[in-house]
Amino acid sequence: MSVVPLPPLPPAPEEGYRPGGLSIADIVDREHQQLLALLAQLTGPDATPQEGYAVLTAALSRHLSAEEQYLLPAVRAALPDAAGRVDAEINADAGLLAALKSLSDETLTDVAERVRRHVDGVGALVAELRAVATEEELIRLGNRLEIAEEAAPTRPHPGTPATPPWNRIVEPAVGVVDKVRDAVTRRPTYLADLPEPPRD
């Protein structure tokens, strides 16, 4: 029996079924550590070349899009008392995406601070979701999050819808356009595209 009111997911075959994959909590925690490691690399004495900015922008754009499609709605459904904090994270995401649009040496410190606040705020929500959801639910949400990330935009679009159902329709469409632009310009968008990917 489901504890957390999940967003629409394929039905589980039977009671007690354990799907394959990682839990949404583990995925989000890992990605947060990767983002912080990349920021440390970008702001450190041996800063990554300029392409690190493109990868940071793409990684954050995908990450925030997928969180808004699956993680934050699940938190809102499972933890009604956290609705105000979810709204605050969505508003902060819009500010972070807007800051990413003009990412440069001059704005990197501001973006880094916004990312740290995001990691702290969403990390706390993830810990609370982990406490009330079953492992099956967390894994099924994790599978959805990973699919959403692959279809998500790789550039910041702070004006697009930030809540379901519209973000699940608009963001993949915007993501297709972004990926075409990335392919044409050979823009790096993954940590593995960097000469020295950060270690989480």
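Buried, in this talk, means under 20% relative accessible area, exposed means over 50%, and partly exposed is in between, with a 1.4 Å probe and protein chains only. What you see above is a predicted model, where local features need pLDDT of at least 70, side-chain atom pairs count only at pLDDT 80 or more, and totals for chains, interfaces and linings use all residues. Residues are numbered from 1 along each chain as its sequence is written, and side-chain values use heavy atoms, with hydrogens and water left out.

I will start with the salt bridges. Side chains of opposite charge can pair when their charged atoms come close. The rule here is a side-chain nitrogen of Lys or Arg within 4 Å of a carboxyl oxygen of Asp or Glu. By that rule there are 10 salt bridges.

One of them joins D182 and R155, at 2.9 Å from N to O. This pair links distant parts of the chain, with D182 in helix α6 and R155 in the loop between α5 (135-151) and α6, 27 residues apart. Helices are DSSP runs of H or I, at least four residues long, and strands are runs of E, at least two, numbered from the N terminus. D182 has a relative accessible area of 7%, so it is buried. R155 is buried too, at 16%.

Next, D29 pairs with R130, where the closest N and O atoms are 3.0 Å apart. Because D29 lies in helix α1 (residues 24-43) and R130 in helix α4 (residues 108-132), the pair ties together parts that are 101 residues apart in sequence. D29 is partly exposed at 29%, and R130 is partly exposed at 35%.

A further bridge runs between R76 and D87, with the closest N and O atoms 2.8 Å apart. R76 sits in helix α2 (residues 51-78) and D87 in helix α3 (residues 83-100), 11 residues apart.

Back to D182, which has another neighbour. Which residues does T189 contact, leaving aside those within four places in sequence? They are V55, A58, A59, R62, T154 and D182, where contact means heavy atoms within 4.5 Å. T189 is in the segment after α6 (166-185) and counts as buried because its relative accessibility is 8%.

Last, the surface of this region. V176, in helix α6, is exposed, with a relative accessible area of 51%. V176, V180 and V184 form a nonpolar surface patch with about 290 Å² of accessible area together. Patch residues have over 30% relative accessible area and no salt bridge, with like charges joined within 9 Å and nonpolar side chains (Val, Leu, Ile, Met, Phe, Trp, Tyr) within 5 Å. Accessible areas come from the Shrake-Rupley method with a 1.4 Å probe, and for residues only the protein chains shown count as cover.
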